[in-house]
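This report is meant for a reader who is meeting this structure for the first time. Please keep the sequence and the 3D view at hand while reading.

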Amino acid sequence: MDILETARLKLRTISIDDAEFYLELINDPSYISHIGDKGIRTIDAAKESIQQGPMAMQAQCGFSLYLVEMRTEARPVGICGLIKRDGLENIDIGYAFLPAFAGQGLAREAASAVMQYANETLGIQRLVAITAPDNARSSHLLEKIGFRFEKIIRLMRNGKEEVSKFYTRDFD
């Protein structure tokens, strides 16, 4: 299901047909370093993760992480969307892109569109974001799109406690 479009991108719900791309993305060294190792190494495991993660969240909450494609090629380049995480009171914006598409402004374009969608379509008044403390690129992007750093927090992720930078963005 198509969710939104920008000048260069189309964001749509993720399906099990996207398992090959998803597997590539979540096993990229930068994803593992900054977001974490999900331990998913097969197409079948990727399909199961998509079903239990983004597809289930979309069905339950009406939002999720979306597949980001180039409009002109319908080529997947990343994911960006909204997540309701255990341990966070507010809805979290998240994103990850393949390294080949870094530095082109695609993450900023997708995240800005998702923020607008969250506020104007879903009526969300406050978004939060978390990043690994050493992920300067993500921290910079969040600040460019209006988030402000609040504090360092500890969250349970993938069965272990992790330290994250916590950002907030309120809408008027």
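This is a predicted model: local features need pLDDT of at least 70, side-chain atom pairs count only at pLDDT 80 or more; totals for chains, interfaces and linings use all residues.

**Two helices in contact**

Helix 1, which covers residues 19–26, packs with helix 3, which covers residues 43–61, at an angle of about 95 degrees and with the two axes 9 Å apart. Since angles from 65 to 115 degrees count as roughly perpendicular, helix 1 and helix 3 are therefore described as roughly perpendicular to each other. On the side of helix 1 the residues that meet the partner are Ala19, Glu20, Tyr22 and Leu23, while helix 3 contributes Ile43, Ala46, Lys47, Ser49 and Ile50.

Strand 2 spans residues 9–13 and includes Leu11. With a relative accessible area of 0%, Leu11 is buried. Which residues does Leu11 touch, not counting those up to four places away in sequence? They are Asp2, Ile3, Leu4, Tyr66, Leu67, Val68, Cys80, Ala110 and Val114. Lys144, by contrast, lies 133 residues from Leu11 along the chain, and the C-alpha atoms of Leu11 and Lys144 are separated by 21 Å.

**Salt bridges**

| Pair | N to O distance |
|---|---|
| Arg8 and Glu109 | 2.7 Å |
| Arg126 and Glu150 | 3.1 Å |
| Arg154 and Glu161 | 3.6 Å |

The side chains of Arg8 and Glu109 meet in a salt bridge. This pair links distant parts of the chain, with Arg8 in the loop between strand 1 (2–5) and strand 2, and Glu109 in helix 4 (residues 106–120), 101 residues apart. Arg8 counts as partly exposed at 32% relative accessibility, whereas Glu109, at 16%, counts as buried.

A salt bridge also joins the side chains of Arg126 and Glu150. Arg126 belongs to strand 6 (residues 126–131) and Glu150 to strand 7 (residues 148–157), so this pair ties together parts that are 24 residues apart in sequence. Arg126 is partly exposed, its relative accessible area being 26%, and Glu150 likewise counts as partly exposed, at 30% relative accessibility.

In the pair formed by Arg154 and Glu161, both residues are exposed. Beyond these pairs, a network of salt bridges links Asp2, Lys10, Arg12, Asp18 and Glu69.

Is Glu162 buried or exposed? At 18% relative accessibility, Glu162 counts as buried, because the cut-off for that term is under 20%. Leaving aside neighbours within four places in sequence, Glu162 is in contact with Ile35, Ile153, Arg154, Leu155 and Arg157; of these, Arg154 also takes part in the salt bridge with Glu161.

Val163, for its part, counts as partly exposed, with 34% relative accessibility. Together with Phe149 and Ile152, Val163 makes a nonpolar surface patch of about 240 Å².

Technical notes: Residues are numbered from 1 along each chain as its sequence is written. Side-chain values use heavy atoms; hydrogens and water are left out. Patches are made of residues with over 30% relative accessible area and no salt bridge: like charges are joined within 9 Å, nonpolar side chains (Val, Leu, Ile, Met, Phe, Trp, Tyr) within 5 Å. Accessible areas come from the Shrake-Rupley method with a 1.4 Å probe; for residues, only the protein chains shown count as cover. A salt bridge is a side-chain nitrogen of Lys or Arg within 4 Å of a carboxyl oxygen of Asp or Glu. Buried means under 20% relative accessible area, exposed over 50%, partly exposed in between (1.4 Å probe, protein chains only). Axes are lines fitted to C-alpha atoms, for helices over the stretch in contact, and angles run from 0 to 180 degrees between N-to-C directions. Helices (H or I, at least four residues) and strands (E, at least two) are DSSP runs, numbered from the N terminus. Angles under 35 degrees count as roughly parallel, over 145 as roughly antiparallel, 65 to 115 as roughly perpendicular and the rest as oblique. Contact means heavy atoms within 4.5 Å.
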